[in-house]
Structure formats: structure tokens, C-alpha cells
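Colleague: I would like to go through the labels on this model. Please set each value against its cut-off.

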Amino acid sequence: MKLGRKAVAIGVVGLLALTACGRADDDSTGGESAAGSTTTVDDSPAEGDITIWAMGEEGEKLPDFVQGFTEENPDANVEVTTIPWADVMTKFQTAVAAGTVPDAIMIGSSFMPTMVATGGLAPVPDGLVDSADFVEGAAASTVADGVDYGVPWYVETRVLYYRSDLAKAAGVEAPTSWEELTSFAEAMKANGSTYGLQLPMGDAEDSTQVILPFYSQAGGSVLNEAGDAFDLDNQAMVDALDYYASFFTEGLSPLSGYGDSQNSAFVDGSDPAFISGPWMVNVLADLQGEDWVEQNVATVPVPAGSANNDSYIGGAHLGVFAEAKNADGAWKLVRWLAQPETQQAWFDATSDLPALTTAWDYEPLTSNPRTQVLQEQLENTIAPPTVPSWDELSATIETEAEKVANGQVTSEDAAKAIQAKADTLGLGW
């Protein structure tokens with residue numbers, strides 16, 4: 001899901017209000033539903049009106065797409081309401097509090113913890129899908145407090161984009177390790193670029209989307225082995241912060257972060273590499289044309305640290321409200337959207353990458369070198385923990401990382417500050 005923290009913050013404020021009213025202590029919260037669902041969904045056709053909220057381009061394309069579902073289920077009618085991303089949490093929390101929810105909802109992966117904490121979502125029925133059939137990182141991000149609250153719909157991960165023409169001129173090849181990425185950026189700068197690598201900076205640019213993978217690449221795990229507390233004050237975090245900050249302190253990345261010049265700096269070669277998602281191929285093609293992208297832009301998996309080359313994973317899930325009027329029909333729609341052939345057709349309609357691993361055995365995906373890079377990267381990903389306090393904690397990580405990059409604190413002190421904030425917040429359940 002391509003969404004900044006400013007929209008997420010709306011949801012956190014709303015969550016605090018609902019908690020004060022006792023909503024988060026309702027029997028349907030994540031903490032009270034640890035036993036999971038005992039509901040089952042049979043194979044009979046869906047019936048009745050099924051209402052679903054969806055966002056962005058997906059929300060615009062879903063109404064036509066679900067005609068395939070209603071053709072198979074002629075006694076069902078699907079009504080799609082498209083909602084702007086920035087309004088999702090406000091509408092979600094208002095509807096849950098008022099009891100005016102639709103049946104189903106598209107869930108941006110970063111919203112899952114807050115939605116679960118409100119008590120608004122129903123656990124996924126037993127046997128509806130097999131979580132082992134989905135991309136591992138996507139399946140993990142639907143689980144909150146030990147219970148599945150969503151079904152993965154589509155996924156995206158981040159890979160390294162770089163100007164292949166400029167890399168050739170600089171005499172460097174695609175980097176595969178931390179050390180090689182630093183050398184790559186140095187060579188690009190020495191060859192005439194102003195910088196060597198674009199990296200996000202601070203809260204506004206959600207820099208945890210690279211810092212969290214750096215932490216995992218260094219061998220770190222956000223939660224302890226028991227999964228009941230944050231584990232962030234350690235050598236892996238120090239290494240990740242040192243590595244992140246080194247690009248700024250050595251003049252290889254602009255201290256201003258991406259800013260508004262991200263795309264233009266890449267196109268004019270002044271900042272010729274960045275880490276981002278699959279949508280950037282179309283963004284660059286719109287700017288310079290498909291031929292220019294084909295000739296001058298390479299995409300490769302992100303370089304590896306000492307432990308792995310994990311990259312950030314995002315995307316969207318599908319869930320059903322605890323108070324849905326037509327829960328049976330809604331879950332049957334979700335199941336249909338999670339079938340291999342449906343996810344392949346959805347890729348044709350939207351270019352969204354399938355969350356179902358078996359859906360990747362599809363010629364339009366297997367014949368495209370860029371999607372093959374994405375598939376390779378999807379085997380090594382890290383998702384934010386599905387706990388309500390993560391959003392607030394990630395803002396602290398971004399602030400402390402920015403201080404390290406500006407030489408205001410050491411990575412050791414930053415790691416201690418991050419852990420202190422984590423201890424204060426807890427997981428948020």
C-alpha cells in the first residue's frame with residue numbers, strides 16, 4: 001500500500017477516542033479473540049447484497065471486476081464504495097462505533113493493527129483459505145495477537161532501481177551487499193552525479209520502510225522470541241542505524257531526503273538510484289516514455305546485509321466486519337478474490353502483484369524480467385509487526401535515525417532511546 005503516515009495518524013487518534021469509550025475492550029477485540037474463529041463458510045453460491053469498501057485505483061476498478069463473481073453467483077449483488085485513502089480510518093472507526101458498517105473492506109497492510117484493536121473485524125473463518133498458499137510476509141501481516149483477521153489480496157515489495165546507463169559509464173554493476181551498495185553509490189557520485197543513492201528521511205517520508213529492512217538484514221527481529229515485547233536495543237539496530245546514516249554523513253544521499261525532486265533527480269542523473277516499489281516503472285514511463293525506461297533503468301533485489309537481503313513488504317488484505325449483515329456472502333467474495341485465476345485476472349486489470357504464490361505461475365508474470373525480480377525479492381521480506389503501537393514507535397525510530405544521520409546522537413544512544421519508547425508503549429493490546 002502506497003500511503004504515508006499522515007493518513008495513519010488519523011486512525012491512531014480515532015482509536016484513542018474509541019478506547020476511552022470502552023470500544024477496545026469489547027469482546028471482539030484482538031486480545032479477546034485469541035481462540036480464533038469457529039465459523040465456517042460452505043460451498044453454496046453467495047446470495048443477497050454484499051457491500052464492500054475499497055480504496056484508490058483498486059476501488060475504482062473493483063466494481064467492474066466483481067461482475068465475474070456475480071456471474072458465478074447470480075443471486076448475489078456486490079456494491080463497491082470507493083473511499084480515499086486519507087479517509088479510511090475515520091470512516092472505519094465511525095462506522096464501527098455507530099454500527100453502520102458495510103460487509104467487507106479492503107485493508108491497507110499498515111492499517112491492520114488499528115482496525116483489529118477497534119474490535120471491528122471478524123476473524124477469518126476456519127478453512128476459508130490456507131495461509132501457507134500466500135507470500136509468507138503477506139500472510140504474517142494479517143495475524144494480530146495470534147488470530148487471522150484478513151486474507152492477503154495483493155502484495156508489493158521494494159527493489160533497487162538504478163540508472164543502468166550511468167552505472168555502465170561509472171564501471172559498476174548491480175550491488176549485492178551492503179559494502180557493494182556503498183561502493184556503487186561512491187562510483188556514481190565520482191562519475192558526475194550529485195549523489196549516489198536516494199534514501200527517505202524522517203517521519204514525512206516513512207524512513208522505517210528502509211530502516212526496518214536494514215535492521216532485519218543485520219540480523220535483528222523487531223519482537224523478542226516470545227513475541228510479547230519489542231527487542232530493538234542491540235547490535236543489529238546499531239549496525240542498521242550506522243549503515244543508514246553513513247549515506248548521509250558521507251555525502252552519498254541528500255540530508256533533505258526524497259523531497260519533491262525524487263523523480264526528476266533520477267531522470268536527470270543527479271541522484272541515480274533509489275529503493276521503491278513496482279509502481280515506479282509506470283511513474284518513470286509517464287515522465288520519459290517506456291523506451292527510455294527499458295534502455296536506462298535497471299531493477300534488482302536489494303543488497304544483503306550480514307543476515308539476509310530482506311525488503312519491506314506492503315500491499316492490501318480483505319476483511320469482513322464483525323457486524324456484517326451478509327458475512328457469509330462477504331467471505332465468499334473474499335474467497336473468490338483469493339483464487340489463483342482471479343488474482344491473475346486482477347493482475348491483468350491493475351498490475352497488482354498476486355499475494356497467492358500459485359498465481360505467479362502465469363505467463364504475463366513469468367515472461368516479464370521486472371516482475372521476476374519482484375518475485376525473487378518477495379522470497380525475502382520483512383513486514384512491520386501487526387501490533388497497535390507500531391505506528392507510534394516507528395515515528396520514534398525515524399526521529400532517532402534522523403538524529404544519527406545529522407550527527408546529533410550516536411547509533412548506540414538512538415537504539416537505547418528507541419527501546420525506551422518501546423518499553424513505554426508496549427505492544428498496545
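Colleague: Why is aspartate 206 called buried?

Modeller: The relative accessible area of aspartate 206 is 12%. Buried means under 20%, exposed over 50% and partly exposed in between, with a 1.4 Å probe and protein chains only. Aspartate 206 therefore counts as buried. This is a predicted model, where local features need pLDDT of at least 70, side-chain atom pairs count only at pLDDT 80 or more, and totals for chains, interfaces and linings use all residues. Residues are numbered from 1 along each chain as its sequence is written, and side-chain values use heavy atoms, leaving out hydrogens and water.

Colleague: Where is aspartate 206 found, and what is its phi?

Modeller: Aspartate 206 sits in the loop between helix H8 (178–190) and H9. Its phi is positive, about 55 degrees, although the residue is not a glycine. Helices are DSSP runs of H or I with at least four residues, strands are runs of E with at least two, and both are numbered from the N terminus.

Colleague: What makes serine 351 partly exposed?

Modeller: Serine 351 has 44% relative accessibility, so it counts as partly exposed. Its phi is also positive, near 70 degrees, in a residue other than glycine. Serine 351 lies in the loop between helix H15 (340–350) and strand S11 (353–354).

Colleague: And serine 311, buried or exposed?

Modeller: Serine 311 has a relative accessible area of 3%, so it is buried. It belongs to strand S10 (residues 311–320). Leaving out residues up to four places away in sequence, serine 311 touches Thr157, Arg158, Pro213, Val302, Gln377, Asn380, Thr381 and Ile382. Contact means heavy atoms within 4.5 Å.

Colleague: Why are H9 and H10 called oblique?

Modeller: The axes of helix H9 (residues 208–217) and helix H10 (residues 235–249) cross at roughly 130 degrees and come within 8 Å. Axes are lines fitted to C-alpha atoms, for helices over the stretch in contact, and angles run from 0 to 180 degrees between N-to-C directions. Under 35 degrees is roughly parallel, over 145 roughly antiparallel, 65 to 115 roughly perpendicular, and the rest oblique. H9 and H10 are therefore oblique to each other.

Colleague: Which residues meet there?

Modeller: Val210, Ile211, Phe214 and Tyr215 in H9 meet Ala236, Met237, Ala240, Leu241, Tyr243 and Tyr244 in H10. The residues of this contact divide into ten nonpolar, no polar and no charged. Nonpolar covers Ala, Val, Leu, Ile, Met, Phe, Trp, Tyr, Cys and Pro; charged covers Asp, Glu, Lys and Arg; the others, Gly among them, are polar.
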